[in-house]
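Student: Hi, could we go through this structure together? I am new to it and would like to take it piece by piece.

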Amino acid sequence: MSIEQLRSDAQHVYPEIVALRRRLHQVPEIGNHLPATRQVVVDALDGLPVDVILHETTSGVVVVLEGAQPGPTVLLRGDMDALAMPEDTGLDFASTHEGAMHACGHDLHTAMLAGAVRLLAQRRDALAGRVLFMFQPGEEGHFGARHMLDEGLLSTVAEPPSLAFALHVSSVYPSGTVNLRPGPMMAAADKVKVTVTGRGGHASAPHFARDPIPVAAEIVLAIEVALTRQVNVWDPAVVTFGQFGAGSAYNVIPETALLQGTVRTFTAERHRHVHEMIERVAEGVAAAHGVHVDVEFEIGYPVTHNAPEVVDLVVDLAEPVVGSDAINRMPSPIMGAEDWSYVLQKVPGVMAFLGACPPELSPDEAPPNHSNRVRFDEEAMLTGMMLHTAVAVHHLDVG
């Protein structure tokens, strides 16, 4: 495949893909049911030589592009959902839906995957096999990928995928760079809920009550200290309590206090150990103060694990696209979580971060993903479209 021709073709469709991204950005939707988003995607694929399958349990869209000859299947993915948060970017195409924003770049993912459909449709004669395009909802904590798998994503075609590839834009990497690593790429993430129950009373007489607020605060500090002393730094864990709720009046001791947070790990052993540690510490602190505690866990996404051989392949294919200096083999994984991990449990593949830092900012000063002010360099989508196409063509090369 000629990289020069691929780059020219990508630049030709780029204005249309930018327009698509901006339409998506203006109508962000949350969760697994994204009717407006799905319609924008389906309209963007109109007239292409592909089969479009609409999932019923979610707004997932599956697109099948058959090559000229029989062969294997490659799976390419773009997630479509947004976050429940306000947008303060000042962009001309900012969200028109109050309280919803594409703050994680899924609008770019969807648009550049639609661009890859166009580029690969132009190359059908060079494909021995097929491309399965996965436009998925519900990545932001709604298990969208798992729902699509449960509905039969991998059995959409007779030959199940033998390679899977996904890109995730990030504003904290230089635009156009490809950032990845073999093995664990992103963490498993669970939700933890700690309810401390004491006895309510008047703020002037705490000795007649059992105040749950200082006990809950002590539990947070005790868990953080336990992490530093009981967790091997080479098999890490992060516990963060992002919510602390208690009380209804300034002069009333409440009966309960509620903590909610996340637990992030990379191995099954550490996962089990940290869950047990949180329960033990919380129960011990509560017992010391004569109050009751309940600890509940909600199991979230598993570890996102990149197949080493596919990482090597992506690096080889990315070099002529972006240059060797723009490829970063990450020394360590990150503690974020991804439901792409469910696909990688079944198909060898890769999740790579695509740098999309705005050119007027440095990665150190750019608002990160999930910020209400995050902005992305749209030109990164050129690289994304080319990488999706290069991976598929290489895997399905007629030889």
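**Working through the model**

Tutor: Let us begin with helix α9, which is mostly covered, since 14 of its 16 residues are buried; buried means under 20% relative accessible area, exposed over 50% and partly exposed in between, with a 1.4 Å probe and protein chains only. Helices (H or I, at least four residues) and strands (E, at least two) are DSSP runs, numbered from the N terminus.

Student: Before we go on, what kind of model is this?

Tutor: This is a predicted model, in which local features need pLDDT of at least 70 and side-chain atom pairs count only at pLDDT 80 or more, while totals for chains, interfaces and linings use all residues. Residues are numbered from 1 along each chain as its sequence is written, and side-chain values use heavy atoms, with hydrogens and water left out.

Student: Okay, back to α9: what span should its 16 residues have?

Tutor: They should span 22 Å at 1.5 Å a residue, and the end C-alpha atoms of α9 are 23 Å apart, which agrees; the expected span is 1.5 Å times one less than the number of residues.

Student: And which strands does α9 touch?

Tutor: Helix α9 (residues 380-395) packs on a sheet and touches β3 (69-79), β4 (128-136), β5, β6 and β16, where contact means heavy atoms within 4.5 Å. The direction of α9 makes about 170° with that of β5; axes here are lines fitted to C-alpha atoms, for helices over the stretch in contact, and angles run from 0 to 180 degrees between N-to-C directions.

Student: In what order do the strands of that sheet come?

Tutor: The order is β1-β2-β4-β3-β5-β16-β6-β15, eight strands in an open sheet with mixed pairing, and two strands pair if DSSP finds at least two bridges between them. At the edges stand β1 (51-54) and β15 (327-329), each with a single partner strand, so one side of each is left without a neighbour in the sheet. From one strand to the next, the twist averages 20°.

Student: How do β5 and β16 run, parallel or antiparallel?

Tutor: Strand β5 (residues 161-170) and strand β16 (residues 349-355) run parallel and are joined by seven bridges, and serine 170 has glycine 355 in β16 as its bridge partner. Helix α7 (residues 308-322) also lies across β5 and β16, as well as β6 (178-180) and β15, and runs at about 155° to β15.

Student: Which residues is phenylalanine 135 in contact with?

Tutor: Leaving aside neighbours within four places in sequence, phenylalanine 135 is in contact with residues including Val41, Leu45, Gly60, Met80, Leu113 and Met148. Phe135 is also one of the residues that touch the most other members in the largest nonpolar core, which has 77 residues; such a core is a set of buried Ala, Val, Leu, Ile, Met, Phe, Trp, Tyr and Cys residues joined through side-chain atoms within 4.5 Å. Apart from that core lies another, of 27 residues, among them Leu227, Leu259, Val293 and Val295.

Student: Changing topic, which strands form the four-stranded sheet?

Tutor: That open sheet has the order β10-β12-β8-β13 with antiparallel pairing, and its edge strands are β10 (237-246) and β13 (292-298), each pairing on one side only. Strand β8 (residues 188-197) is joined to β13 by seven bridges, and threonine 195 stands opposite aspartate 294 in β13. Helix α6 (residues 268-289) lies across β8, β10, β12 and β13, at about 160° to β13.

Student: Last one: how many aromatic pairs are there?

Tutor: A search of the whole structure finds four, where rings of Phe, Tyr and Trp (its six-membered ring) pair if their centres lie within 6.5 Å, and planes under 30 degrees apart count as stacked, over 60 as edge-to-face and the rest as tilted. Tyrosine 301 and tyrosine 342 have ring centres 5.9 Å apart and planes at 85°, so they are edge-to-face.
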